Amino acid sequence: MKRIAKFYKISQEQFIEDWQDTFGPETGNQDLCGIYEAIKLPCRATSGSAGYDFYLPLPIALLPGESVTVPTGIRAQMCDGWVLQIYPRSGLGFKYRLQMNNTVGIIDSDYFFSDNEGHIFIKMLNDGREGKKVELSAGMAFAQGVFTEYGITEDDDISNSRNGGFGSTRA
């Protein structure tokens, strides 16, 4: 196995800023400090697992058609030529039709150096058509990340660099 990446927590200050930007300032800083301290770095469940489980920093309950954006508190540093792809945990997709709002999350290697410290957000959608409410507790694995190697074309001469998050590399 190639060892090409490492997960880190973002700074507590960045986490509080992003959380309050996502959910509003109602959550007090003391509560957020406790949530931040409880963040667990992604890990594989078994030696044969391709995906690194991402854990919820908060409990969620989603009715069919509802979505939630989860500030994970995590960033990923990886070698050039690699990408982190984020998927829902397959069991949650199978049982509830819980899925990524954008189908697959793509975390580029240069996102680590973004102004927001490369904070990975995951937006989940209950796309259930059976009327099932999805209820997940804080600390539960809800998504998985898979590192994938990629190539570029022979005539690629791009030299732009990232300075931002979602959609920041649009032309």
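My entries follow.

I worked from a predicted model, where local features need pLDDT of at least 70, side-chain atom pairs count only at pLDDT 80 or more, and totals for chains, interfaces and linings use all residues. Residues are numbered from 1 along each chain as its sequence is written, and side-chain values use heavy atoms, with hydrogens and water left out.

**R75.** I found R75 in strand β5, residues 74–78. R75 is buried but has no salt bridge. Buried means under 20% relative accessible area, exposed over 50%, partly exposed in between (1.4 Å probe, protein chains only). A salt bridge needs a side-chain nitrogen of Lys or Arg within 4 Å of a carboxyl oxygen of Asp or Glu. E117, the nearest side chain of opposite charge, is 4.8 Å away. I also noted a polar atom of the R75 side chain 2.7 Å from the backbone oxygen of F112.

**Salt bridges.** How many salt bridges does the structure hold? I logged five. One of them joins R89 and D53 at 3.5 Å, N to O. R89 lies in the loop between β6 (82–88) and α3 (90–96) and D53 in strand β2 (residues 52–55), so the pair ties together parts 36 residues apart in sequence. D53 is buried at 8%; R89 is partly exposed at 31%. E130 pairs with K132, also at 3.5 Å, N to O. E130 is exposed at 64%, and K132 is partly exposed at 36%. R97, D127 and R129 form a salt-bridge network.

Note on methods: Helix = DSSP H or I, 4+ residues; strand = E, 2+ residues; numbered from the N terminus. Lys, Arg positive; Asp, Glu negative; His and termini not counted. Polar contact = N/O pair within 3.5 Å; in protein donor to acceptor, adjacent residues only side chain to side chain.
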